[in-house]
Amino acid sequence: MYRLLIVDNEEYVVNGLVELFNPARHPEIEVAGAYSAAEALNVLMTTQMDIVITDIRMPGMNGLELQKIMVARWPYCKVIFLSGYDDFNYAQEAIRQGSVNYILKTEEDEVIVAAVYAAIKLVQGEQEAKTLLEDAKKQVKQALGALQREFFESLLLGDKVAYKSLPQQLDELQIPLLPEKQLFAVIAKVDEWEQPYSQYDRSLLLYAVQNIANEYLSLSMIHYSFIYDRSKIIWLMQSKAEPWIDHTQIASTMNMTSHFVYGTFECIQSSCRDLLNLSMSFAIGGHPFEWPQLGEHLDQLKNNMTSSIKKQQLVLDERQRSDQAGESRSFPDRLEIFKHYEHLAYCLEHKNKEEFHRVLELLLHIGEQAFHGRHTIVCLQISSSIYALLLAYLEKLNLAEMPVWISELQASLETGLASNWDWQMEQLQRLARYILEQCLPAEEHEENRVVQSIHAYLSSHLGGDLSLKTMAFAIGHNPSYLSRLYKQKAGKALSETINELKLARAKELLAEPQYRIGDVSKAVGFLSEHYFYRFFKKATQMTPQEYREQLQVNER
C-alpha cells in the first residue's frame, strides 16, 4: 500500500485528483487531499507519505518551500509538482530541489497517473536497495565475527605475526580492547544442555549469555567475548583506568579488578540460571597478564574446569588465591569502594535482592573496618553514599507517603553520626529492607499509571496519529515496552483497543444527523472514506449508511 497526498489551493483540483485515484480503480494507493500547504504540513507531521502531488504556486507557502520542509522529515518521499504555468525557471528549480516530475495542469489524467506509478517504482527500488544494504551489513557483520575468532585463535596458538600486528588488527577488526593494556580473562562452559537443543538453538543461548554479561560489564570494563570450542565462551577484559594508573597502582588495581570480576560473574552465573535455565561454570583469572601470555593463561584457566561432575562452578585462579593468602589484605582503595557502589545500584535497579544484600553487607563490613581503624572520613563517606543511593531510588518509587522514621534518619545523618557506626548500619539495613518491600507495589502502580496514560492519549488523539512510535514518544517510554506492557495489563493488543475506540466513537457520531459520513471518517482518524467503510463493515457487518438507517428504524 502506497500513500499519496494531493496539495492545491484550488478545491476542484484536489477533489478531482482524489477521485482520479479512487481505491476502486487503484487499490494499492491510499489517497488524501489538502487545500493548502499549512494543511498538508499538519498531515505530514503525523503521517508518512510516499508520494506528494503539489501545486508549485500557492498563497502563503509555495510548493518548493513545502518540499524543503517535507523532505527534511520524510527524505524518501517523492514529489510531483503540478503547475498551471509552463515556466522553465520553475521546472528547473523543482528538479534542482529533487522532484521526480513537473506536470502541467493541462495534461491528460493518464500523464498524472503514469507519473505516480513511475514514482512508486522509484519508492520500490529504494526499498529494495535499502533491504539489500541491510543484508550486506548483516553479512559483513557475520564475516567480521568469523575474522575476529580466527584472529584470536592465531593469538592462542602463539602466532608471532599476529602479535606483531596487534594494534592494527584490533583496529581493523573493530575489537574494543587496547594493545597497551593488560588483560583479565574468564572462561565459561555450559555444564550440560538440559534439553535436546539444535546447534542453532545452542548458538542463540550462548549469544544470550554474552548479552547478559555485556549488561553487567559495560559500566566498568572494556571487554570482548567470543565463542570457543562450541560450548565455551572466553571473555577478555581491561579496566577503564588510564594505562599509567594501571602501572603506578598495580597492586590495588589487581586486587580491585579481580574481586570485581569475580562478583560480577557470580551475578552473571545466577542470571543465566534464572533467565535462560542454563547451568554454567566459570573460571576467572585472578591477576592481569600481558598480551603474549594469552595462550598460556587461558590454558591454565581451562585446567580449572576439567571436572564434568561439578556444576555451577565459580573458580578463581588458584595461583592468585594462594598468592593473596600469604599477603596481609590492605584496606580497599576509594576506586574499589566506588565500584561496589556501582554494583549496588545495578542490583537495586534490576531487583536482584540476593546480590544487593551481599554487596550491601560487603560495603558495611568495609565501613566497620574503617570505623575500628579510625578512618572516620572513609566511614562517613560509605554511610552517606549508601544513604544517597537508597534515597534516590526511594524517590523514583513515587510513594504516596513514607514512614516518619525515614525523615528522622535523614535529619540524623545530616548532622553527622560517624561515632555511632552500629546505629548507622542498623538504620541503613532497615532502609534497604523497606525499599525492597516497596519495589513490587511501586512497580505495579507505575505500570497502571502508564496504561492510564495510554487510554488518556487515545481519548484525546483518536482522530490523529496513533502509531506506536508517536504514542510512545508522547508518553515517554520505549515503543516495544509500551506494547508488551499494555498487552500484559489489558489482556489484549493495543491495536484491538484502538479499533474498539474508533468503532465506538464512529457509532456515536453516526447517530448524530448533522455529521456527514466523511466527517465521521476524519474524526476517527481515517485518511480515506473508502478505508473507513471497509473498517466499519468488517466490524459491524453493515456500511455506515446502513447503520444510520437501522438507527432511524429503531427510533421509529
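**Group meeting: cavities, pocket, sheet and helix contacts**

About 80 Å³ of space lies in the second largest cavity. That is where I start today. The model is predicted, so to speak of local features I need pLDDT of at least 70, side-chain atom pairs count only at pLDDT 80 or more, and totals for chains, interfaces and linings use all residues. Residues are numbered from 1 along each chain as its sequence is written, and side-chain values use heavy atoms, with hydrogens and water left out.

Now the terms. The grid is 1 Å, over the protein atoms alone; a cavity is a set of points where a 1.4 Å probe fits but cannot get out. A pocket is an open set with protein on both sides within 12 Å along at least five of seven lines. Lining residues have an atom within 4 Å of a point. Grid points are joined across faces, edges and corners, and a volume is the space filled by probe spheres set on the points. By this rule there are four cavities of 30 Å³ or more.

What lines the second largest cavity? Tyr-216, Leu-219, Ser-220, Phe-260, Thr-264, Glu-342, His-343 and Tyr-346 do. Helix H10 (250-276) and helix H13 (334-349) each supply at least two lining residues. H13 has the largest share, three residues. Helices here are DSSP runs of H or I, at least four residues; strands are runs of E, at least two; both are numbered from the N terminus. By class, this lining has four nonpolar, three polar and one charged residues. Nonpolar means Ala, Val, Leu, Ile, Met, Phe, Trp, Tyr, Cys and Pro; charged means Asp, Glu, Lys and Arg; the others, Gly among them, are polar.

Next, the largest pocket. Its volume is about 1600 Å³. It has 50 lining residues, and Glu-30, Gly-525, Phe-526, Leu-527 and Ser-528 are the closest to its centre. Which helix gives the most to this lining? H20, with seven residues. Other elements supplying at least two include strand E2 (29-34) and helix H22 (529-540). The lining divides into 20 nonpolar, 17 polar and 13 charged residues.

On to the sheet. It is open, five strands, order E7-E8-E6-E9-E10, mixed pairing. Strands pair if DSSP finds at least two bridges between them. E7 (221-228) and E10 (314-316) stand at the edges with a single partner strand each, so one side of each has no neighbour in the sheet. The twist averages 15° from one strand to the next. E6 (184-190) and E8 (232-239) pair antiparallel over six bridges. Ile-187 has Ile-234 in E8 as its bridge partner.

Helix H8 (199-217) lies across E6, E7, E8 and E9, at about 15° to E8. Helix H11 (294-303) lies across E6, E7, E8 and E9, at about 40° to E6. Axes are lines fitted to C-alpha atoms, for helices over the stretch in contact, with angles from 0 to 180 degrees between N-to-C directions. Contact means heavy atoms within 4.5 Å.

Last, two helix pairs. The axes of H14 (353-372) and H15 (376-396) come within 8 Å and cross at roughly 155°. That makes H14 roughly antiparallel to H15; the cut-off is over 145 degrees, while under 35 counts as roughly parallel. Their contact has twelve nonpolar, one polar and no charged residues.

The axes of H2 and H3 (63-73) come within 11 Å and cross at roughly 0°. H2 and H3 are therefore roughly parallel. Their contact has eight nonpolar, no polar and one charged residues.

Conventions. Parallel < 35°, antiparallel > 145°, perpendicular 65-115°, else oblique.
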